[in-house]
Amino acid sequence: QVQLVESGGGLVQAGGSLRLSCAASGTGFSINAMGWHRQAPGKQRELVATITAGGSTNYADAAKGRFTISRDNAKNTVYLQMNSLKPEDTGVYYCNRYSITTPANWAIVSWGQGTQVTVSS
């Protein structure tokens, strides 16, 4: 069973930056696609970014040009670098692990506990 632990959240002013980390325990990290989601108060959880085992990335429109997802397989860690933060980026950020059975079938198989990001105006 792979466990995911996020860190790096906090309070930052608009325009600032944060770097989130997600450390995975267990084996098999390097073969899994990983992702970040976020959930703002009163809203549904939404996808922020994904990264495949090979390093291919994909971003939600709200994250494009400001956020960068990366991974270090030697450290079993995935990162989310967030720049030019806006108040609307406020929420709980969750790391997740995917199981991919076909290119069109990505199933989330585990979640971290989340880390709070608050962006003040």
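Me: How many bridges join β1 to strand β3?
Reply: In this predicted model, β1 and strand β3 (residues 18-24) run antiparallel. Within this pairing, Ser7 stands opposite Ser21 in β3. The number of bridges that join β1 to β3 is four.

Me: Which strands are the edge strands of the open sheet of four strands?
Reply: The open sheet has the order β1-β3-β8-β7, with antiparallel pairing. Its twist averages 15° from one strand to the next. An edge strand pairs on one side only, and the two that do so are β1 (4-7) and β7 (67-72).

Me: How many residues lie between β9 and β10 in their hairpin?
Reply: The strands β9 and β10 run antiparallel and are joined by six bridges. One of the paired positions is Arg97, whose bridge partner in β10 is Ser110. The hairpin of β9 and β10 has between its strands two residues.

Me: What is the angle between the planes of Tyr94 and Trp111?
Reply: The structure holds two aromatic pairs, and Tyr94 with Trp111 is one of them. The pair links distant parts of the chain, with Tyr94 in strand β9 (residues 91-102) and Trp111 in strand β10 (residues 105-111), 17 residues apart. The ring centres are 6.2 Å apart. An angle over 60 degrees counts as edge-to-face, and this pair is edge-to-face with an angle of 85°.

Me: Why does Tyr94 count as buried, and why is Trp111 partly exposed?
Reply: The cut-off for a buried residue is under 20% relative accessible area, and partly exposed residues lie between that and 50%. Tyr94 counts as buried because its relative accessibility is 13%. Trp111 is partly exposed because its relative accessible area is 36%.

Me: What is the distance, centre to centre, between Tyr98 and Trp106?
Reply: Tyr98 and Trp106 form an aromatic pair that is edge-to-face, with 70° between the planes. Tyr98 is buried, with a relative accessible area of 7%, whereas Trp106 is partly exposed at 32%. The distance between Tyr98 and Trp106, centre to centre, is 5.0 Å.

Me: Which residue lies over the face of Trp111?
Reply: Trp111 takes part in the edge-to-face pair with Tyr94. The face of Trp111 also has an arginine over it, at 4.4 Å from the ring centre. That residue is Arg45.

Me: At what distance from the ring centre does Arg19 lie over the face of Tyr79?
Reply: For a charge to sit over a ring, CZ of Arg must be within 6 Å of the ring centre and within 35 degrees of the ring normal. Arg19 lies over the face of Tyr79. Its distance from the ring centre is 3.9 Å.

Me: With which side chain does the side chain of Asn32 make a polar contact?
Reply: Asn32 has its place in the loop between β3 and β4 (34-39). Asn32 is buried, with a relative accessible area of 10%. Leaving aside neighbours within four places in sequence, its contacts include Thr52, Ala53, Arg71 and Tyr98. The polar contact, at 3.2 Å, is with the side chain of Arg97.

Me: What distance separates the C-alpha atoms of Asn73 and Ser30?
Reply: Asn73 is placed in the loop between β7 and β8 (77-82), and it counts as partly exposed at 31% relative accessibility. Not counting residues up to four places away in sequence, Asn73 touches Phe29, Ser30 and Ala53. A polar contact of 2.9 Å joins the side chains of Asn73 and Arg71. Asn73 and Ser30 are 43 residues apart along the chain, and their C-alpha atoms are separated by 5.4 Å.

Me: Where does Asn76 lie, and what is its phi?
Reply: Asn76 lies in the loop between β7 and β8. Most residues other than glycine have a negative phi. Asn76 is not a glycine, yet its phi is positive, near 50°.

Me: In which loop is Ser84 found?
Reply: Ser84 is not a glycine, although its phi is positive, at about 50°. Ser84 counts as partly exposed, at 41% relative accessibility. Ser84 is found in the loop between β8 and β9.

Key. Residues numbered from 1 in each chain as written. Predicted model: local features only at pLDDT ≥ 70, side-chain atom pairs only at ≥ 80, totals over all residues. Heavy atoms only, no water. Phe/Tyr/Trp six-rings, centres within 6.5 Å; stacked < 30°, edge-to-face > 60°. Buried < 20%, exposed > 50% of the residue type's maximum accessible area, 1.4 Å probe, protein only. Pairing = 2+ DSSP bridges. Axes fitted to C-alpha atoms, helices over the stretch in contact; angles between N-to-C directions. Polar contact = N/O pair within 3.5 Å; in protein donor to acceptor, adjacent residues only side chain to side chain. Contact = heavy atoms within 4.5 Å.
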